[in-house]
Amino acid sequence: MKFIETLKLAVAAIWAHKLRSALTLLGMIVGVTAFVVVVSLIEGFNRYVDEKIAGIGAKSFTIQRFNPLEDFKDTDTIAAAQRRNKELTMEDYEYLKDRAAMIGKIGARARGTPSEVKRDNEVIEDVFVSGATANCVDIENRDVAEGRFIAQPENDNAARVAYIGADIATKLFPAGNVIGNEITIRGLPYRVIGVETAKGTVFGIPQDNFIIIPLKTYSIDYGSLIRQRSLYFIATAKSDDLFNDAVEESRFLMRTRRKLEPHEKDNFGIVTPDAITGLRDRLFGTIFIVAIAVPGIALIVGAIVIMNIMLVSVTERTKEIGIRKSLGARQVDILKQFLVEAVTLATIGGAVGILLAWIIGVMITAWFFPTYLSILAIAGALAASGGAGVASGIFPAWKAARLDPIEALRAD
């Protein structure tokens, strides 16, 4: 028999029992849907982390008071780090900037403080206002939608200017005309000089509800750059090849400035993109295996259901098999017919599961977290469902192919 004829017979047999086929497919649909949704969530998270790393520069690193990947492992390490690690200062920043030979650019940032922002009668609570030096726009690869970022003279002169997120611009300036107008932050007037391109939300948390002001202005208006307003530095290497050398040079200079002995632990933290992705891979490697194993159980259950239905189908169609054999059908033809029927049934379930997973992914992306459905995930889901079809159909097909034609014709 030609494959196309076998496929037509399989589709006809499935269509002849529509309700039974639909119920049979439920297990496969649930398994494939769960599998694809989990993969798209993990892939979406990985791409999100990679985009964030790219957003602050894939070859940039931060120098801060703590290294969260090492100092926050448990309560003992946190307590030890709090006793050991000192706040960074602008003197540290100037020391690094003047002496580092392998650093291309280095900028200083201060962590944000929730603040009340007003314009006329419109008030926004809990806007994170932070401080930054002028060169942070290049180091962090910020996407400026309107106007510009902070200029160096504005930082030197502690000017009250503000670079705002898209949400702030939309809420305070619904009619547009943002640049050059004033807003009030904690009772003080600031002139808006730039608006950043909208980024949306992640985990339901808006990414465009922020304001950046000159670092010197921030230290004057908000107070010393310590604790919740702690200072940290962002740096890049002069070239990608010098990245690791720039990190080690920064560590050496900080240790030298703080007069640390060779046996003493760093009393500051340096965080690199490789450390972040390494932590992500370690965490999500195990989670990925567990998350894939659960939908795999549903796939196995779906395959068992298909095998059961195919065995029932062989019993129901015993006389048909006998007639076909008496007319010259070989064992391989019968085997192929039932095997193709099982694979077709499973593949239809896989296709429906992928479609449902895509719809769920679109909803999750719109309301909660970005997902990504790759061609590899689709191919893997179809291969898994097809493989389950082969595994579940091989025994019923073999049983049908070995039926004795005379006994089959006598069957009721």
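Is Ser219 buried, exposed or partly exposed? Ser219 counts as partly exposed because its relative accessibility is 27%; buried means under 20% relative accessible area, exposed over 50%, and partly exposed in between, with a 1.4 Å probe and protein chains only. The legends below describe a predicted model, in which local features need pLDDT of at least 70, side-chain atom pairs count only at pLDDT 80 or more, and totals for chains, interfaces and linings use all residues. Residues are numbered from 1 along each chain as its sequence is written, and side-chain values use heavy atoms, with hydrogens and water left out.

**Figure 1. The chain as a whole has 15 helices and twelve strands.** Helices (H or I, at least four residues) and strands (E, at least two) are DSSP runs, numbered from the N terminus. Of the 412 residues in the chain, 44% are buried. A contact means heavy atoms within 4.5 Å. Among contacts between residues at least 6 apart in sequence, 77% join residues at least 24 apart.

**Figure 2. Ser219 lies in helix 9, which covers residues 215-222.** Leaving aside neighbours within four places in sequence, Ser219 is in contact with Ser224 and Leu225. Ser130 is 89 residues from Ser219 in sequence, and the two C-alpha atoms are 9.7 Å apart in space.

**Figure 3. Thr133 sits in the loop between strand 3 (122-132) and helix 6 (136-139).** Thr133 counts as buried because its relative accessibility is 5%. The side chain of Thr133 makes a polar contact of 2.8 Å with the side chain of Asn135. A polar contact is a pair of N or O atoms within 3.5 Å; within protein, one atom must be able to donate a hydrogen and the other to accept it, and residues adjacent in sequence count only if both atoms are side-chain atoms. Not counting residues up to four places away in sequence, Thr133 touches Tyr93, Gly107, Ala108, Phe149, Asn155 and Leu215.

**Figure 4. Glu196 belongs to strand 7, residues 188-196.** With 2% relative accessibility, Glu196 counts as buried. Two side-chain partners are shown here. The side chain of Glu196 makes a polar contact of 2.8 Å with that of Arg142, and a polar contact of 3.0 Å joins the side chains of Glu196 and Lys199. When neighbours within four places in sequence are left aside, the residues in contact with Glu196 are Arg142, Asp143, Ala145, Tyr163, Ile164, Ala166 and Phe210.

**Figure 5. Helix 5 (residues 90-99) packs with helix 10 (residues 243-257) at an angle of about 130°.** The axes of these helices are 10 Å apart; axes are lines fitted to C-alpha atoms, for helices over the stretch in contact, and angles run from 0 to 180 degrees between N-to-C directions. Helix 5 and helix 10 are therefore oblique to each other. Angles under 35 degrees count as roughly parallel, over 145 as roughly antiparallel, 65 to 115 as roughly perpendicular, and the rest as oblique. From helix 5, Glu91, Asp92, Tyr95, Leu96 and Arg99 meet Glu249, Ser250, Leu253, Met254, Thr256 and Arg257 of helix 10. The residues of this contact divide into four nonpolar, two polar and five charged. Ala, Val, Leu, Ile, Met, Phe, Trp, Tyr, Cys and Pro count as nonpolar, Asp, Glu, Lys and Arg as charged, and the others, Gly among them, as polar.

**Figure 6. Ala158 and Lys259 are shown for their phi values.** Most residues other than glycine have a negative phi. Ala158 is not a glycine, yet has a positive phi of about 55°. Ala158 is found in the loop between helix 7 (152-156) and strand 5 (161-164), and at 21% relative accessibility counts as partly exposed. Phi of Lys259 is also positive, near 55°. Lys259 lies in the loop between helix 10 and strand 12 (269-271) and is exposed, with a relative accessible area of 69%.

**Figure 7. Val390 is part of helix 14, residues 375-401.** Val390 counts as partly exposed, at 38% relative accessibility. Not counting residues up to four places away in sequence, Val390 touches Leu339 and Val343. The C-alpha atoms of Val390 and Thr344 are separated by 9.5 Å, and these residues are 46 apart along the chain.

**Figure 8. Ile359 is found in helix 13, residues 331-367.** Ile359 is partly exposed, with a relative accessible area of 37%. Ile359 and Val37 are 322 residues apart in sequence and 9.6 Å apart in space, C-alpha to C-alpha.
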